Amino acid sequence: MKYNIRDIIEYIIALVNEFAKRFGLTEKQAYRYIRIYQGVAFVEQNYGIIHTLDFDEAVDSVALYCRRKGGQL
């Protein structure tokens, strides 16, 4: 199923905001961290599933994925 790019971008922005709150980061720091450890690509590739989760679960999933890629949060 093809998703609207605008929906994906809006979801990533909201997810970054929640990630920043959870880990005590600025939104800019959270975005950089998620991007560096390939979390943005993870969300884009798995949008069909991840957007159905509540934000706590989605943040947990992205944080775990980033840790697997070398992140320290």
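## The loop between α2 and α3

Gln38 is found in the loop between α2 and α3, where the helices are DSSP runs (H or I, at least four residues) numbered from the N terminus. Although Gln38 is not a glycine, it has a positive phi of about 65°. Gln38 is partly exposed, with a relative accessible area of 40%; buried stands for under 20% relative accessible area, exposed for over 50%, and partly exposed for what lies in between, with a 1.4 Å probe and protein chains only.

## Basis of the description

This is a predicted model, in which local features need pLDDT of at least 70 and side-chain atom pairs count only at pLDDT 80 or more, while totals for chains, interfaces and linings use all residues. Residues are numbered from 1 along each chain as its sequence is written, and side-chain values use heavy atoms, with hydrogens and water left out.

## Helices α1 and α2

The axes of α1 and α2 come within 8 Å and cross at roughly 105°, the axes being lines fitted to C-alpha atoms, for helices over the stretch in contact, with angles from 0 to 180 degrees between N-to-C directions. That makes α1 roughly perpendicular to α2, a term that covers angles of 65 to 115 degrees.

Where the two helices meet, Val16, Asn17, Phe19 and Ala20 in α1 are in contact with Glu27, Ala30, Tyr31, Tyr33 and Ile34 in α2, contact being heavy atoms within 4.5 Å.

## Helix α5 and its two ends

Helix α5, residues 55-68, has 14 residues and reaches 20 Å from its first C-alpha to its last, close to the 20 Å expected at 1.5 Å a residue; the expected span is 1.5 Å times one less than the number of residues. In α5, Ala58, Val59, Val62, Ala63 and Cys66 are buried. These residues lie on the same side of α5 because they cover an arc of only 130° around the axis, the arc being that of the directions from the helix axis to the C-beta atoms. On the other side of α5, Asp56 and Arg68 are exposed, whereas the buried residues of α5 pack against α1 (5-23), α2 (27-36), α3 (39-45) and α4 (47-50).

Asp54, in the loop between α4 and α5, is partly exposed, with a relative accessible area of 45%. At the start of α5, a side-chain oxygen of Asp54 reaches to within 3.1 Å of the backbone nitrogen of Asp56. Just after α5, Gly70 takes a positive phi of about 115°.

How values were computed
A polar contact is a pair of N or O atoms within 3.5 Å; within protein, one must be able to donate a hydrogen and the other to accept it, and residues adjacent in sequence count only if both atoms are side-chain atoms. Angles under 35 degrees count as roughly parallel, over 145 as roughly antiparallel, 65 to 115 as roughly perpendicular and the rest as oblique.
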